[in-house]
Amino acid sequence: MQPARRPQPQALVRRLRLARLAAASSAMALCSTLGAQANAQDAPLSSAAGDESSVDDVVRFEADKVRYDSNAEKVFADGNVVLRHDVQTVRADNVTWDRTTGQILASGNIRFVDEDGNTVYTDKVELTDEFKAGAIEDLLVVLRTGGRLAAKRGTRDEYGNMTLENAAYSGCAVEDSKRCSKRPSWEVTAARVYFDAKQKRVKYKGATLHMFGVPILPLPGLGHTSDFRAETGLLIPDFRLGAANGAEISETWYWRIADNRDLSLTGTFYTGSLPMLTAKYRHLTNLGAFQITGYATRSSRIPLGSTSTGAANASQQSWRGYLDANGKLQFSPHWSLTGNARFASDRTFLRRYDISRDDRLRSSLNIERIDDDSYLSIAGWVTQTVRVNDPQGMVPLALPAIDYRKRMVFDGMPGRFELEANSLAILRTAGQDSQRAFARAQWDLRTITGFGQEVTLTGLLRGDAYHSSDNDLTSTAIYRGLPGWQTRGIATAAIDVKWPFVGEVFGGTQVITPRFQVVATPGVRNFEIPNEDSRSVDLEDTNLFALNRFPGHDRVEDGVRFTYGFDWTFQRPGLRVTTTVGQSYRLSNQNTLLPDGTGLTNRASDYVGRTTVRFGDLVKLTHRFRLDKDSFALRRNEFDATLGNHRRYVEAGYLKLNRNIATTFEDLQDREELRFAARTPITKAFSVFGSAIVNLTDPNEDPTRTSDGFQMLRHRLGVAYTDDCLDLSFTWRRDYVNIGDAVRGNSFQISLSLKNLGVK
């Protein structure tokens, strides 16, 4: 048996707890060997006479040679000594026990693996025969969870506590993939390190953080648990420099209240504004988990549209903040409660402090019951707008929103039935209110013919009841509906046929699937009903074959229409191409229900399609389009491309909506935008990255916008260093748009993450 190779101890991190266990296990094994006083190969060693130990304390060992010197009262085990106790193992070149003094000595390439999988390397271990105290030299501990601790020497007292002299700790590996020694990117050196056996904590005295061999920062009071469980203490600070608040530094104090609860308090200090306090509470219960995050500060708030800054707005100082909470409770396998809440004090707080760029904050509470055949949801929704020009009074409150669905199969009847009951109440403080309820029954039958066609038959019946008030407060006339109570009935019949053809071509396999659909719905009372959830209608590849091309329930596409198209898939090793193209034809026009520009107004719709190309894991390209049926102009032109892997990649996205829709339809405005992101390594550890968003919309495409055709919205550039134990990055970001006190300008951020390091 060859001794295990020992990693080179480059003043690195090694684990104290393992060192203690290594010493104890080695001493136990040696004591058992003495009692045996015999040569052995994989022989069990029984406890000494009078010992009350159980059979679990039996130590098995193997060695090239074992001898006993009766004159000196010493036992020697030499050559590839291996001691095993339960799941623990100790390997050494030599083991000696002095029965007169009780001294136990192990030497030469000592390697100990404890019950947790941690490994201790050392050259020499001395212990008493009672295992109460001892000394270890040239100690190196490799932790199973990561991290290494090295020291010149160490001692262990009678309580199992250890003290290490001239020690160093790091979360980095000390060998590369070729098992060559390497310098860690960071390490903590200390004059002395203490290990508390009872609390399982490691504390440092005179600690200093070194990065790339250079001392960077003193760390007074540094400490962490020996098994790296989360504990109370200070975390690594963050540094930023921004246009709105100046230089900032944030420090977090983490409080581990219990194994299932914790609290983080962060203080952020700025040179350009008053400090901000952030608190985050997390709780894991027997039913589920939730977390609550709150921000609070006091600062001046610039009115939206104002161009003044600084002292001119000092009189408008006020308390500002943000609340973000979410969670889920699972009461049983079927019943659950999900909720989230987001509220901001004003419309520019999130952007000024770079917390979020969302333009709407939605809060909800949803009780659900889900089983194999039914679904019930009772929910409520509240939305806060943080868009500059949106009046809050026009933003709806949905309470309650109830939806129940049931799937059924009846003996002797083909197909599957689905029943649905739905109700929704929408309230506004300064706008139209509406309430609705409907019940739906749908039957679907899917079958495969003898010629291989997949045929789906559908029948649908639905009855609606609506009530609305203050309808004149809705600016778009076709969205209002009639005030008071309104009812309507809906009946739909459809047949959908797919016929796939499979064959070989170009060294691969292709599948061509022509598809044809007929949908018939008698005339529906659409304009008498308020439109709350069906406004953003647009012909796309995703809704080409839908029974109703409107996204919600308030509008229904009536009449008779034929939809036709095909899917094509080509696949060979490393390459996959999928394409969908189609069009629909209606027997009547819908130029009042579906405004010009949606692609659905006339009898014949526009052409829509999507193509996706994947080449291995390196290339993915998706193109979506809508082509004008008369002029063949591109009404929708969208590209998304990704090339590379997680280390080196380029991502690009382009979208142009050229629908020529009237500006009164605020949900359907045209837009042109370019998005770009890239990352590439310059060495094995260093990489550069960047991203940008450009608004290419011009006044002719969207008269409500002030863009001149090329408006940079923001970009980001940075450099990062990443290895097995360190993440370090420097980022420069520039915003080009002012929104109140979220001013445009440059922001700089330094991010640092050290694996397995905490402060207390």
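## Glu-420 and Arg-405

Glu-420 and Arg-405 form a salt bridge, with their closest N and O atoms 3.5 Å apart. A salt bridge here is a side-chain nitrogen of Lys or Arg within 4 Å of a carboxyl oxygen of Asp or Glu. Glu-420 sits in strand β27 (residues 416–427) and Arg-405 in strand β26 (residues 397–408), so the bridge ties together parts that are 15 residues apart in sequence. Strands (E, at least two residues) and helices (H or I, at least four) are DSSP runs, numbered from the N terminus.

Glu-420 is buried, with a relative accessible area of 5%. Arg-405 is partly exposed, at 36%. Buried means under 20% relative accessible area, exposed means over 50%, and partly exposed lies in between (1.4 Å probe, protein chains only).

## Basis of the model

This is a predicted model: local features need pLDDT of at least 70, side-chain atom pairs count only at pLDDT 80 or more, and totals for chains, interfaces and linings use all residues. Residues are numbered from 1 along each chain as its sequence is written, and side-chain values use heavy atoms, with hydrogens and water left out.

## Other salt bridges

The whole structure holds 45 salt bridges. One of them joins the side chains of Asp-358 and Arg-342, at 2.9 Å from N to O. This pair links distant parts of the chain, 16 residues apart. Asp-358 is in the loop between α2 (349–352) and β24 (360–370), while Arg-342 is in strand β23 (residues 335–344). Asp-358 is partly exposed at 35% relative accessibility. Arg-342 is buried at 16%.

Arg-462 and Asp-464 also meet through their side chains, at 2.7 Å from N to O. Arg-462 is buried at 11% relative accessibility. Asp-464 is buried too, with a relative accessible area of 5%. Elsewhere, salt bridges link a network of residues: Asp-538, Glu-540, Asp-541, Asp-606, Arg-610, Arg-624, Arg-626, Arg-636 and Glu-638.

## The largest nonpolar core

The largest nonpolar core has 42 residues. Leu-164, Trp-186 and Tyr-204 have the most contacts inside it. Strand β11 (residues 186–196) gives the largest share of this core, five residues. Such a core is a set of buried Ala, Val, Leu, Ile, Met, Phe, Trp, Tyr and Cys residues joined through side-chain atoms within 4.5 Å. In soluble globular proteins, nonpolar side chains tend to be buried together.

## Surface patches

Phe-239 belongs to strand β17 (residues 238–242). Phe-239 is partly exposed, with a relative accessible area of 39%. Patches take residues with over 30% relative accessible area and no salt bridge; like charges are joined within 9 Å, and nonpolar side chains (Val, Leu, Ile, Met, Phe, Trp, Tyr) within 5 Å. The areas come from the Shrake-Rupley method with a 1.4 Å probe.

Lys-178, Arg-647, Arg-648 and Lys-684 gather in a surface patch of positive charge. Lys and Arg count as positive, and the charge is placed at NZ of Lys or CZ of Arg. Lys-684 is in the loop between β39 (671–681) and β40 (686–695). Lys-684 is exposed, at 75% relative accessibility.

## Tyr-654 and Arg-675

Tyr-654 is placed in strand β38 (residues 649–657). Tyr-654 is partly exposed, at 22% relative accessibility. In sequence, Tyr-654 and Arg-675 are 21 residues apart. In space, they are 6.3 Å apart, C-alpha to C-alpha.
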